[in-house]
Amino acid sequence: MESKTESPLGFLSKNPIFSGLSDVYNGFHSRREKLGLPNPGTVENLAKEVQRDTLLNNYLFTGLKADITKAFSLSPLFQVSHQFAMGERLNPYTFAGMYGTNNVFAQANMDNDGSLSSRFNWRWSDKSVSKSSFQIAPAGTGQDMAQFEHEYIGSDFSASIKALNPSFLEGGLTGIYIGHYLQSVTPKLALGLEGVWQRGSLSQGPESGLSYVARYKSNDWIATAQLQGHGAFNATYWRRISDKIQAGVDMSLTMAPAQGGLMGGPLQKEGITTVGAKYDFRMATLRAQVDSKGKLSCVLEKRVAPVMTMTFAADVDHFTVSIDESGAQRHANPMRKVVF
């Protein structure tokens, strides 16, 4: 006779409580699948259409930059680049290397001061990816950093957990820990949470905060809102006006007790609103923005040849009557000589 070997956890499937919970979960999961809700993206990319694509937060610079990139392979991706720069808060020289496949992404940069920064991502599956980044700065600067993150992308939700400078060396847990969750509740509306727990050292008490986020995506416009536990509020609105034009608005408001005020005293409100637009020409891209403090900025990226792109940036602060020197940047193929 054949003897059937029962699984060590087989008793769970026969437990009436476990069976009831399993039936409830399976029924809820099947109803969720019937709704056909889309993936809402991630909390970190909640307002990327405005803050990263349209506005100039990541494009402004002062000075002159030149990038020379050499690709040794496309599959797998392997390339190195040299960046030369002159200007305010720009490193004179930076060397970078990049390697990537379907499951692995690695990148490292080192500047002339000896500061090293690197990123490494490993994709476990189509839905799960682990990320890490490190920064080693010259001695005495105190800018060393280590960050670990794991992200899971579901069919109608996304979740991630991140640790910044985690440590047990002092006999307890220190560092910054962040958790994100974003869930689609309708085909256009997504709601989520962001939780933060941090402790600088064991001599300091831990601090925590909870933020609420929302994202509404229509056919040609997107609106987002984020309310943080300490009273800060951020809202964005992005709209695609045509195939070549898109515009966005970013509003931030912070409310905190007035300096020197007592508990329950009046709140001091600080806020800024920025309006920007992006126009794509056939061989160029123009971005411009103006904020409620009177600062006007613009960036022009012009492709002068198939292998060369020039970037110009400038801003004017009308309230303080100051003008930053315009920045210029060139990207070139190593086979072509670039003259400044």
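1. Strand E7 (145-153) and strand E8 (157-167) each give at least two residues to the lining of the largest cavity; strands here are DSSP runs of E, at least two residues long, numbered from the N terminus. E7 provides the largest share of that lining, with four residues.

2. Before going further, a word on the basis. This is a predicted model, in which local features need pLDDT of at least 70 and side-chain atom pairs count only at pLDDT 80 or more, while totals for chains, interfaces and linings use all residues. Residues are numbered from 1 along each chain as its sequence is written, and side-chain values use heavy atoms, with hydrogens and water left out.

3. How is the empty space found? Rolling a probe the size of a water molecule over the atoms shows where it is left. On a 1 Å grid over the protein atoms alone, a cavity is a set of points where a 1.4 Å probe fits but cannot get out, whereas a pocket is an open set with protein on both sides within 12 Å along at least five of seven lines; lining residues have an atom within 4 Å of a point. Points are joined across faces, edges and corners, and a volume is the space filled by probe spheres set on them.

4. The count comes to one cavity of 30 Å³ or more, and the largest cavity holds about 50 Å³. Its lining consists of Thr42, Val43, Glu44, Glu149, Glu151, Tyr152, Ile153, Ser158, Ala159, Ser160 and His180. By class, that lining has four nonpolar, four polar and three charged residues (nonpolar: Ala, Val, Leu, Ile, Met, Phe, Trp, Tyr, Cys and Pro; charged: Asp, Glu, Lys and Arg; polar: the others, Gly among them).

5. The largest pocket has a volume of about 400 Å³. Strands E1 (63-74), E2 (77-87), E3 (93-100), E4 (104-111), E5 (116-123) and E6 (128-136) each give two or more residues to its lining. Of the 21 lining residues, Thr94, Ala96, Asn109, Met110 and Ser117 lie nearest the centre of the pocket. The lining divides into five nonpolar, 13 polar and three charged residues.

6. Two single residues are worth a look in your viewer. Serine 133, in strand E6, counts as buried at 13% relative accessibility (buried is under 20% relative accessible area, with a 1.4 Å probe and protein chains only). Beyond its neighbours within four places in sequence, serine 133 is in contact (heavy atoms within 4.5 Å) with Ser118, Arg119, Met145, Ala146 and Gln147.

7. Threonine 311 sits in strand E18 (residues 308-317) and is buried, with a relative accessible area of 4%. The C-alpha atoms of threonine 311 and glutamate 301 are separated by 4.4 Å, although the two are 10 residues apart along the chain.

Methods
Buried < 20%, exposed > 50% of the residue type's maximum accessible area, 1.4 Å probe, protein only.
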